[in-house]
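Please read it alongside the sequence and the 3D view.

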Amino acid sequence: MRGTRLAGPGHRRGATSPRRTISVLALVGVCIFSLTATQTAGADPAAADTVDTGFAIPFAGAPGYESLAPTQVTNPGQLNQPLGQQAADEIAGQVGLTRADALSEQQYRDLLSGGGVGGSREAAEVIDACAQILTNTNGRPLYSDVDGHPTPSVLASYGLYVNTSGMLESPANADAPTRQVNSLIAPGGFVGTWLRNNDATGTLIALYRSAYTVQAVYGFAAQQISGAAQLVTNTKGGVSSEVGMSMAPPLWIVNFALLYILNPSLAAAMPAHWAPIPSPVADALHSSPTGQVPFSDYASYFQ
């Protein structure tokens, strides 16, 4: 399995929590495309200020949570910078999660290694790939085959990534592991079964009591109307730009919550700011019937 697994929290919540049947509709990435939940989030959106992010509904997400999502970069030093653990813990508290809600270190390692009760190495590799895509920040490059050469790329702030075959795309692209993981997180699927069978029901309950649930509704709606390219338009101060779906506020917060319950260190590696995709690149992605373009043709725009 690719990637370095980070140490997680040393405790877990819910060993004595009531056993519930909770469908895991999303686990990592923009993996919320089979949404059926109707619960109301337990976190209080009034705790966060409503701000003008430049994103329109549904891309802005639930009112009151926009200020928790990344803001646009204002200097080159912010590009692809990770949140850091302190900021991640603060955001987690504002969406209704704590470190005690996350999987234990052993549960996390079991899930990401295909272990535990009913573990699957194949499923673990998909989940691991999703986490890597969403934490493709400075110090965490993805490696792809670009014109026959292994090539690193770091593009998280743009809401883009380069797949293993060297194609540039949104994490919400139909080709991406962050989209294909649907079969694992569908009701009755692998992930929900694994978490229930491995003493993690409390983690599921915490997730559904958080802002995840209400934000997932907005994220699902946003993804459904964004075509093959899966890009989002931002308009602020009379200036319009585009960014990948994973950086729209509801999707970013959903992804944050999901990574945080897996391992708070993963959430800390998510991008702290979003950056506009260079216009020629965005135009090419929109023009592509698959929402993909060869990275080698456009890499110079990101240097």
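The accessible surface of the chain comes to about 11700 Å², and 51% of that surface belongs to carbon and sulfur atoms (Shrake-Rupley method with a 1.4 Å probe; for residues, only the protein chains shown count as cover). The model is predicted, so that local features need pLDDT of at least 70 and side-chain atom pairs count only at pLDDT 80 or more, whereas totals for chains, interfaces and linings use all residues. Residues are numbered from 1 along each chain as its sequence is written, and side-chain values use heavy atoms, with hydrogens and water left out.

**Overall make-up**
- The chain has 12 helices and nine strands (DSSP runs numbered from the N terminus: helices H or I of at least four residues, strands E of at least two).
- Of the 303 residues in the chain, 57% are buried (under 20% relative accessible area, 1.4 Å probe, protein chains only).
- Among contacts (heavy atoms within 4.5 Å) with a separation of 6 or more, 74% join residues 24 or more positions apart.

**Helix H7**
- Helix H7 (residues 201-209) is largely enclosed by the rest of the structure, because eight of its nine residues are buried.
- The buried residues of H7 include Thr 201, Leu 204, Ile 205 and Tyr 208, and their cover includes helices H6 (190-197), H8 (212-224) and H9 (249-262).

**Helices H2 and H3**
- The axes of H2 (residues 105-113) and H3 (residues 121-134) come within 6 Å and cross at roughly 105° (lines fitted to C-alpha atoms, for helices over the stretch in contact, with angles from 0 to 180 degrees between N-to-C directions).
- The two helices, H2 and H3, are therefore roughly perpendicular (65 to 115 degrees).
- Leu 111, Leu 112 and Ser 113 in H2 meet Arg 121, Ala 124, Ile 127 and Asp 128 in H3.

Key:
Buried means under 20% relative accessible area, exposed over 50%, partly exposed in between (1.4 Å probe, protein chains only). Angles under 35 degrees count as roughly parallel, over 145 as roughly antiparallel, 65 to 115 as roughly perpendicular and the rest as oblique.
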